[in-house]
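Morning, everyone. Please have a look at the model before I start.

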Amino acid sequence: MEDLGYKKPELLIPASNLEVLKIAVLYGADAIYIGGEMYGLRAKAKNFSKEDMEEGIVFAHAHGKKVYVTANITAHNEDLEGIRKYFEELKEMKPDAVIISDPGVFEMAKEIAPDLELHISTQANNVNYATYRFWHRLGAKRVVSARELSLEEIKGIRDNIPEDLEIETFVHGAMCMAHSGRCLLSNYFTGRDANRGACTHPCRWKYYLVEETRPGEYLPVEENERGTYIFNSKDLCMIEYIPQLIDAGIDSFKVEGRMKTALYVASVARTYRRAIDDFFENPALYEKNIPYYKEEISKCTYRQFTTGFFFGKPDADAQIYDNNTYIKEYTYLGIIGAKNGEGYYRLEQRNKFSVGDEIEVMKPDGRNLMLTVKGIRDEEGNEMESCPHPKQVIFVNLGEGLEENDILRRKE
């Protein structure tokens, strides 16, 4: 490995539940961020019960990984008593940090759980070095940069803050159309407050323009006959720019997606892990493998890619005007469980497949195997030709090469 004069950045991966947390750990994350059942900004995510959070923290720590817990809602008066109780629980569970945006919540965390490391959420609109210094003086260990910053601006922040204050930056995933995620569309249309974790993503909906005195007459602003998705951003992807991110002084590369599947998490974690490690082994190796990274990152669901604000303010090409759909090249089939009999492994099936199908097996070490389904059995041991019922527990035989925690996917 070459000594490049840089500190290797942390790879921070989201998890929606305990199963996905374990996959993130095994597929390359250095740290995982999760939400409890309240007080994080993804109320529609499955989130973690107290028991699952405890188990997840123990599992991650046993593998030398960290867990950060989100408590980044904009708190109203009625939230404060519950947040106090939440921090009392977190104090006992000992996550590695809590992610906070509200100054009042920050003060409560310091008072109730003084040993917890405190990170400042992107929701706090962190766009200049004075803001970083402010949070550092109050005791924050890390500040998450606003998505609206360029690499040049981040570098300027790094040059003007204490060395022990860390910068965390989103490098992959969905982009919010509002400044630092502070959006009122969901609250306005549905009564569900995005700033309290209940966003319904109206930025992905289809819109027409109507003039005040001509109700019902849709004016021709649409990009095609179906309307225009004027708020719909492409997804951020910086897999081709790892050297520039490192040079900017970013300490933690954050992936968005606490509502994503295990397949998405495994694909993104494994690809960024490989890219970071390749760069630190030899920058030429990283450059050589860029086509591989791009191919692998495209195997999970996404909305087309953009570099966001990193190289200047995005133009119209960063938006998607003609649809609100994801690009889906691969279907998630499930995670391989324990071995059960000769050649058979337990699987909670997520999408249908049949005997004779050729499917791809993802390995945590970066390998992909193409294997043919040789047999499927139900829990009673009866032979099956296919598995049509989602989340049905089955046992599959793909011949040689399967191991626990492999992920099965099929090209569309």
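How many helices and strands does the secondary structure of the protein come to? The count is 10 helices and 20 strands. Please keep in mind that this is a predicted model. Of the 412 residues, 53% count as buried. As for contacts between residues at least 6 apart in sequence, 68% of them join residues at least 24 apart.

Strand S1 covers residues 10-14, and it pairs with S2 in the parallel sense over three bridges. Pro14 is the residue that stands opposite Tyr33 in S2. Strand S2 itself, residues 31-35, is mostly covered, with five of its five residues buried. Which way do those residues point from S2? Ala31, Tyr33 and Gly35 point one way, Ile32 and Ile34 point the other way, and all are buried.

Next, a helix. In H6, residues 151-158, the buried residues include Leu151, Ile154, Ile157 and Arg158. Why do they lie on the same side of H6? They cover an arc of only 115 degrees around the axis, and that puts them on one side of the helix. What do the buried residues of H6 pack against? Their partners are helix H5 (129-138), strand S7 (166-173) and helix H8 (242-247).

Now the sheet. Eight strands form an open sheet, in the order S16-S15-S20-S13-S14-S19-S17-S18, and the pairing is antiparallel. The edge strands are S16, residues 368-372, and S18, residues 383-384, and each of these pairs on one side only.

I will take S15 in some detail. Strand S15 runs over residues 358-362, and four of its five residues are buried, so it is largely enclosed by the rest of the structure. On one hand, S15 pairs with S16 in the antiparallel sense over five bridges. Within that pairing, Glu360 has Met370 in S16 as its bridge partner. The hairpin of S15 and S16 has five residues between the strands, and there Gly366 takes a positive phi near 105 degrees. On the other hand, three bridges join S15 to S20, residues 407-411, and these two strands run antiparallel. Val361 has Leu408 in S20 as its bridge partner.

Further along the sheet, S14 is joined to S19, residues 393-397, by five bridges, again antiparallel. Here Tyr345 is partnered by Val396 in S19.

Last, the second largest pocket. Its volume is about 270 Å³. How many residues line the pocket, and which lie nearest its centre? There are 14 lining residues, and Glu19, Ile335, Ile336, Gly337 and Asn405 lie nearest the centre. Helix H1 (18-26), strand S13 (330-339) and strand S14 (344-348) each supply at least two residues of the lining. The largest share, four residues, comes from H1. By class, the lining has six nonpolar, two polar and six charged residues.

To sum up, S13 and S14 belong to the eight-stranded open sheet, and both of these strands also supply residues to the lining of the second largest pocket. That is all from me.

Conventions:
Residues numbered from 1 in each chain as written. Predicted model: local features only at pLDDT ≥ 70, side-chain atom pairs only at ≥ 80, totals over all residues. Heavy atoms only, no water. 1 Å grid on protein atoms, 1.4 Å probe; cavity = no way out; pocket = protein on both sides within 12 Å on 5 of 7 lines; lining within 4 Å. Points joined across faces, edges and corners; volume = space filled by probe spheres on them. Nonpolar A, V, L, I, M, F, W, Y, C, P; charged D, E, K, R; others polar. Pairing = 2+ DSSP bridges. Buried < 20%, exposed > 50% of the residue type's maximum accessible area, 1.4 Å probe, protein only. Arc of directions from axis to C-beta. Contact = heavy atoms within 4.5 Å.
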